[in-house]
Amino acid sequence: MNTITNDQNDHAKQHPFLVITVIAFMTFMGVLTETSMNVTFPTLMKQFNVSLPTVQWVTTGYLLTVALLTITSAFLKRRFTNKQLFVSAALLFIAGDVMCGLAPSYWVLLAGRIIQAGCVGLTGPLMSNIILDVVPAHKLGTYMGMANLIVLVAPALGPTFGGAVVSFASWRMIFWITVPITLLLLGLGIFIIKQYTPTQHYEFDWLRFGVLALAMITLLMGFNIMGQPGALIKFISYMVASAILFGTFGWLSKSSHKALFKLSVFKRPVFLFSFLPYVFLQYSNIGLNFMLPSYVQMVNGATAFIGGLILLPGSVLNGLGQPIYGWMLDRFGGKLPLYLGNSLFLIPIAIMMVMGQEMSVLVITILYTIYATGRSMAFGNSMAYGLKHLPRDEQKDANAIYGTGNMLAGSLGTTVIATMMTSVHISTLSNVENIVVGSRLSFGMLALLGVINFFLFRKLFKSSKS
């Protein structure tokens, strides 16, 4: 077991933000490349001669890999040092950069993205765990907000950055540009990241991890074939297999004493009713960030650069507002940011559903800006509110589950919305009109989730008082 001196702990608690900032910037690099790739899909489809459901695995496979790594974050935090995790994340990112930059085929590109996912899979939970280690509970919302400010600026820059690179150079430059920045962050991290809690040797639960991984992969594979001719039987088979695997994981968890994470947190209503809105909000966000750039290119005839640019104003407000939203939680409690945020999330989605093809690029940009403001206000605070009301010894396990749910929801969001966009084939309509109909169905589904969130938040506030 590693021991941590009082001086190290005191130093960490006096100066936590510098370390959190470096780790957040490394996470930023991973999110930047992930969101940059969304606007490259039409280009990749032409270059590699693949369909939209296939090319979206560049995002879905990435997020799934992040989710699988996040499952292990509670174990990794207790077993390895912060510096070991950070260095591993940086090296995986650089290796993925090189593979993607040189990729001669779609499948090499996909493999590079899966390797690169190790960066966010390690640094995302690490950042939150260090905040939980060194920040007092009454400042948790503010610090989470400041860290998310850095991470969530990436979705603001990613689509615009990706669109500009595709328009003026090559999508491969997305990866070559990020290599030197990652090397700089690696050097900084080696010098400033310290260990603030002791590590211990644990026996990892490979069986439970393998069963859960198969359950998640099967779930995604099932949704990925939706909309294909004659896919109903296969879809049902995948869903049944996934349900059995999830059930097996739950059964194994009752008797396992090896390290992974504790499912007992689900017995706490304050966790459950904060976790579900959290994953619904992420599901909608990743799905919509994929959908809108493709929508304006396919329906409005916009360029890839414009496709990325429409997300910029909303994503900037999304990132810059994080410290304010966290302060709102610390100052006023959960009701104001969660109810207000969910309202601003729901209203623009409902308008998009009603307007359909009548939306211009400008209207889509304005509606997305309102949506992104509300979504970001509710998203981070759902997690922070839940963590605030959990015992300290359960926070790392809860953080692992929040992170896993976050990434799995993002993978599902991309898969389901990509499928729904292209699943309508009405013979009397043009290809563009079919895409519009599929998109309106997607907007309707997201609006329904917004309505459900109001019910879940109401249950959350009741449970936190009991």
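Salt bridges between domain 2 and domain 3: the count is zero, taking a salt bridge as a side-chain nitrogen of Lys or Arg within 4 Å of a carboxyl oxygen of Asp or Glu. This is a predicted model, where local features need pLDDT of at least 70, side-chain atom pairs count only at pLDDT 80 or more, and totals for chains, interfaces and linings use all residues. Residues are numbered from 1 along each chain as its sequence is written, and side-chain values use heavy atoms, with hydrogens and water left out.

The domains, then. The assignment gives domain 1 as 13-200, domain 2 as 206-255 and domain 3 as 261-465; such bounds come from an automatic or database domain assignment. Twelve residues from domain 2 and ten residues from domain 3 make the contact, meaning heavy atoms within 4.5 Å. The C-alpha centres of these two domains lie 24 Å apart.

Now the area. Between domain 2 and domain 3 about 950 Å² is buried, and carbon and sulfur atoms give 82% of that. Buried area here is the accessible area (1.4 Å probe) that two parts lose on being put together, summed over both.

On the domain 2 side, helix 11 (206-224) and helix 12 (232-255) each supply at least two residues. Helices are DSSP runs of H or I, at least four residues, numbered from the N terminus. Helix 11 gives the largest share, seven residues.

Last, arginine 392, in helix 19 (residues 392-422). Arginine 392 counts as exposed because its relative accessibility is 51%, and exposed means over 50% (1.4 Å probe, protein chains only). Leaving aside residues up to four places away in sequence, arginine 392 touches Leu132 and Asp133.

Note on methods
Buried means under 20% relative accessible area, exposed over 50%, partly exposed in between (1.4 Å probe, protein chains only).
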